Amino acid sequence: MDKEKWDMDDLEKSMYPIGKFEYDGNVSPEQRQQRIDELAQTAARLRNAVEGLSDTQLDTPYRPGGWTVRQVVHHVADASMNGFIRAKLALTEQQPLVKTFEENDWVELADTKQLPVEPSLKMLEGIHERMDALLRSLPPESFSIAFRHPDSGLNPLDRLLAYFAWHGKQHAAHITSLRQREGW
């Protein structure tokens, strides 16, 4: 689709192909388990989304003004790394204050703009395998343990889990939607 043919609805749909993140704080044991399962699938979901893409395709933005496919994959690895650290901090410190990371600046760094996606896919496999083992080991009451974020305030592990289950699916959908639009 040509950039000039994109309307606001198209841009909104391309930014949030599975919908915006929502979290109401009410989490059933079944929802928590489903989110853990979804989180565990993040690396495989992204690997499948980029399978067979050329460098030219990897360097294609998923929407006008958006990140390239390559940047998206590296971003998911960076975000997951930060999320895992935040979870471990929350579990080992009393409501620790975590740092933000400037994702729009991170995606402009050379490792994100130029490196093949395979190192980040491998990182995701390792991070999510460890995250999966950690989350599955926790008793239900541990999911109310929280960290403090400078922008969003107090975040319980249930919210972190919900966010990262959504995050991986969201970014994989950016790539699969682009592939569908482009006929790749």
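This is a predicted model: local features need pLDDT of at least 70, side-chain atom pairs count only at pLDDT 80 or more; totals for chains, interfaces and linings use all residues.
Residues are numbered from 1 along each chain as its sequence is written, and side-chain values use heavy atoms, with hydrogens and water left out.

Strands β1 (146-149) and β2 (residues 153-156) run antiparallel and pair over 4 bridges; strands count as paired if DSSP finds at least two bridges between them. With 3 residues between them, β1 and β2 make a hairpin. Helices (H or I, at least four residues) and strands (E, at least two) are DSSP runs, numbered from the N terminus.

Now turn to helix α8 (residues 118-137). Its 20 residues reach 29 Å from the first C-alpha to the last, close to the 28 Å expected at 1.5 Å a residue; the expected span is 1.5 Å times one less than the number of residues. Which residues of α8 are buried? They are Ser120, Leu121, Leu124, Ile127, His128, Met131, Asp132 and Leu135. Because these cover an arc of only 140 degrees around the axis, they sit on the same side of α8; the arc is that of the directions from the helix axis to the C-beta atoms. On the other side of α8, Lys122, Glu129, Arg130 and Ser137 are exposed. Buried means under 20% relative accessible area and exposed over 50%, with partly exposed in between (1.4 Å probe, protein chains only).

Finally, the pockets. The largest pocket has a volume of about 790 Å³ and is lined by 31 residues, of which His75, Glu103, Tyr163, Trp166 and His167 lie nearest its centre. A pocket is an open set of points on a 1 Å grid over the protein atoms alone, where a 1.4 Å probe fits, with protein on both sides within 12 Å along at least five of seven lines; lining residues have an atom within 4 Å of a point. Grid points are joined across faces, edges and corners, and a volume is the space filled by probe spheres set on the points. Helix α9 gives the most to this lining, with 9 residues.

The second largest pocket, of about 250 Å³, is lined by 14 residues, with Phe21, Glu22, Arg35, Ala162 and Trp166 nearest its centre. Helices α2 (29-40) and α9 each supply at least two residues of that lining.
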